[in-house]
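Hi,

Here is the model I promised to pass along. Have a look at it first, and then read my notes below.

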Amino acid sequence: MVADGYHSLVDGSNNVIGLIVAAFAFRPPDPDHPYGHRKFETAATGLIGIALLALAWDVLTGALSRTGSRPFPRSGPSTGRSWR
Ligand SMILES: [Zn+2]
């Protein structure tokens with residue numbers, strides 16, 4: 001559930017980054033950038049890749065850290081203890 005939330009957050013952020021960079025990267029060459037601005041697109045792609053790798057690392061380490069921990073709470077009538 002948390003991983004899905006992170007996934008949506010990173011996807012949304014990446015879409016915003018992509019839109020901003022696309023608007024910039026397709027400008028024609030100018031005196032400061034005589035070869036055009038397309039390399040900004042490549043740089044943004046690397047940034048998005050790093051964000052996705054960080055997300056994957058967080059989800060993976062979170063899942064591994066919970067391995068072997070206590071089980072899910074029991075459902076049903078209350079026994080006075082919510083964890084067993
Ligand atoms: Zn420029």
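**The zinc site**

The zinc ion sits in an irregular site, where the angles among its four donor atoms run from 51 to 136 degrees. Tetrahedral would need all angles between 85 and 135 degrees, so this one is classed as irregular. Keep in mind that the model is predicted.

Who supplies the donors? Asp30 gives two OD entries, His33 comes in through ND1 and His37 through NE2, with distances of 2.0 to 2.8 Å. Along the chain, the donors follow the spacing D-x2-H-x3-H.

**How exposed the ligands are**

Asp30 is partly exposed, at a relative accessible area of 30%. His33 is partly exposed too, with 27%. And is His37 buried or exposed? His37 is buried: its relative accessible area is 1%, and the cut-off for buried is under 20%, so it falls in that class.

**Around His37**

His37 is located in the loop between helix H1 (2-25) and helix H2 (38-66). Its side chain makes a polar contact of 3.2 Å with the side chain of Asp30, and another polar contact, also listed at 3.2 Å, links the side chains of His37 and His33.

Which residues does His37 touch once its neighbours within four places in sequence are set aside? They are Phe24, Ala25, Arg27, Pro28, Pro29 and Asp30.

Cheers

Key: Residues are numbered from 1 along each chain as its sequence is written. This is a predicted model: local features need pLDDT of at least 70, side-chain atom pairs count only at pLDDT 80 or more; totals for chains, interfaces and linings use all residues. Side-chain values use heavy atoms; hydrogens and water are left out. Donors are N, O and S atoms within 2.8 Å of the metal (3.2 Å for Na, K and Ca); water is not among the atoms, so sites may look incomplete. Four donors count as tetrahedral if all angles lie between 85 and 135 degrees; four count as square planar and six as octahedral if opposite donors are over 155 degrees apart and all others between 65 and 115; anything else is irregular. Buried means under 20% relative accessible area, exposed over 50%, partly exposed in between (1.4 Å probe, protein chains only). Helices (H or I, at least four residues) and strands (E, at least two) are DSSP runs, numbered from the N terminus. A polar contact is a pair of N or O atoms within 3.5 Å; within protein, one must be able to donate a hydrogen and the other to accept it, and residues adjacent in sequence count only if both atoms are side-chain atoms. Contact means heavy atoms within 4.5 Å.
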